[in-house]
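Hello,

Here is the structure I promised to pass on. My notes follow below it.

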Amino acid sequence: LCITLSEKVKGIKLHLHYYVYEDCDCICRMSVLENTSGSEIVLKRLMSTQIDLDHAGYSFTSFGGAWAREMQKSSVHLVRGKFVNSSRSGESSHRANPFVMIHPAVTSEDFGDVYGFNLIYSGNHYESAEVSPFGKTRFISGINPDGFEFRLAAGEKFESPEAVMSYSAEGFNGLSRHMHRFVREHV
């Protein structure tokens, strides 16, 4: 599915691409910005995906680490404000992995709801969850906007990396099975 949004003043188009992988219970999304204006534009931010959740109080789990301590699990309870997992080292790695989960605190290995997001990208990445004053949670993911700038000539397009999204009601192991199946069969 491709949804195209047009900006009326400059004539810039944003194409939101959704790819459904039913066999893996995954949806991928990417954004393509098309410069249909007559002049160059400077792109400072383009996220790959965004999803809004109806509640607050989720936990945001990320995985970081260092040599001999790779992929250390870290969870933060989201009550209000914004939490960011990101990398500016020029790579995604065991220090700042672009895979994160959002889930109720009671979710376990085999029981409970969990949303998983993985950016298929090996550069500077950014994942953020923010709780609104109305008790909603917004998640976004994409290229890290800190220090990012891309000049887009008239007629050119810029494609964001793909973001893989999945949901499981069978805890972290259920989500892990979805993501592993997706990587084995489609990456």
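4 strands form an open antiparallel sheet, in the order β5-β12-β11-β8. Strands here are DSSP runs of E, at least two residues, numbered from the N terminus, and two of them pair if DSSP finds at least two bridges between them. β5 (47–53) and β8 (81–86) stand at the edges with a single partner strand each, so one side of each has no neighbour in the sheet. β8 pairs with β11 (residues 125–131) over 6 bridges, in the antiparallel sense. There, V84 stands opposite S128 in β11.

A word on the source. This is a predicted model: local features need pLDDT of at least 70, side-chain atom pairs count only at pLDDT 80 or more, and totals for chains, interfaces and linings use all residues. Residues are numbered from 1 along each chain as its sequence is written, and side-chain values use heavy atoms, with hydrogens and water left out.

Next, the cysteines. The structure holds 0 disulfides (a disulfide is a pair of cysteine sulfur atoms within 2.5 Å). The sulfur of C26 is 5.5 Å from the closest cysteine sulfur, in C24, which is too far for a bond. For C2, the closest is in C28, 15 Å away, also too far.

C26 is buried, at 2% relative accessible area, while C2 is partly exposed at 39%. Buried means under 20%, exposed over 50%, partly exposed in between (1.4 Å probe, protein chains only). I3, in strand β1 (residues 2–6), is partly exposed at 35%.

Best wishes
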